[in-house]
Amino acid sequence: MEIIIQENYAAISQQAAAVVADAVRSRPGTVLGLATGSTPLGLYQELIRLHREENLDFSQVTTFNLDEYVGLPADHPQSYHYFMHENLFRHINVPAENIHIPDGTTSDCPAFCESYEERIASSGGIDLQILGIGSDGHIAFNEPGSSLVSRTRVETLARQTIEDNARFFASADDVPVHAITMGVGTILDARKIILLANGANKSSAVAAAAEGPVSSKCTASALQNHPDTSFFLDTEAASQLQMADE
Ligand code: GLP
């Protein structure tokens, strides 16, 4: 994997956005895998700027989001549907019919998860997957202990993740306990992967992901086995990497 360390959050956001823009420009029908959380917000803002000011065209792009909370309808302010609409989709020209986000209100989760995998496959697979990382090393909602060949399914959130994400809800009790998530295996099928991390609270997860053993204790470590993964890190997120000291 390639590790790119930048001075600050703005720099990683801009550089990662340039990778996405290149993918879209070189292949207008590119299939993007998208992430939520606070980390990709700067990247999305830069994509919006490129769309407005430099005509970056998303009209043929297809998107698949990593995950969604079980039980939250699309119009719930903490749902990932709402997040994506507010922070990216309503500002760019990706057609609504090309947008895919797991349905947290489905009455049949297993059937939905299977159909999500089928839709990714029938779109030709994900060309470029954007990832954040949880402080426990999760990617999407693949918590420690998840199989490294897992596919899209319902996952129970770890206590750490509920505590981390409680800042977006009235209290930790309001954070859903379950989510539909792409599996680690689903993510690894993407042709190219970029993971963004900033801040000291991500430094141990980043070090485990990049330099630790490949283990389900840190599901992001599975990215070591992917042929085209880049980590975009600020200096704080990179601070526990041994290679950064060399
Ligand atoms: C959630 C998401 C992950 C994301 C993580 C980190 O758990 N399911 O995809 O990477 O949060 O969030 P943040 O970027 O806000 O630190």
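This is a predicted model: local features need pLDDT of at least 70, side-chain atom pairs count only at pLDDT 80 or more; totals for chains, interfaces and linings use all residues.
The strands of a sheet pair through backbone hydrogen bonds, in either a parallel or an antiparallel sense. In this model, an open sheet is built from seven strands, which follow the order 1-10-9-6-2-3-5 with parallel pairing. Strand 1 and strand 5 (residues 99-100) are the edge strands, and each of them pairs on one side only. Within the sheet, strand 6 (residues 128-131) is joined to strand 9 by four bridges in the parallel sense. Q129 has I193 of strand 9 as its bridge partner.

Helix 7 spans residues 203-211. Its buried residues are S203, A205, V206, A207, A209 and A210. The elements that cover these buried residues include strand 1 (2-6), strand 9 (192-197) and strand 10 (229-234). In an α-helix there are 3.6 residues a turn, so residues three or four places apart point the same way.

For N55, the angle is about 60°. N55 is found in the loop that runs between helix 2 (41-54) and strand 3 (62-65). Its relative accessibility is 65%, and N55 therefore counts as exposed. For A140, phi is about 55°. The loop that holds A140 lies between strand 6 and strand 7 (153-156). A140 has a relative accessible area of 10% and is therefore buried, the cut-off for buried being under 20%.

Technical notes: Residues are numbered from 1 along each chain as its sequence is written. Side-chain values use heavy atoms; hydrogens and water are left out. Buried means under 20% relative accessible area, exposed over 50%, partly exposed in between (1.4 Å probe, protein chains only). Helices (H or I, at least four residues) and strands (E, at least two) are DSSP runs, numbered from the N terminus. Contact means heavy atoms within 4.5 Å. Two strands pair if DSSP finds at least two bridges between them.
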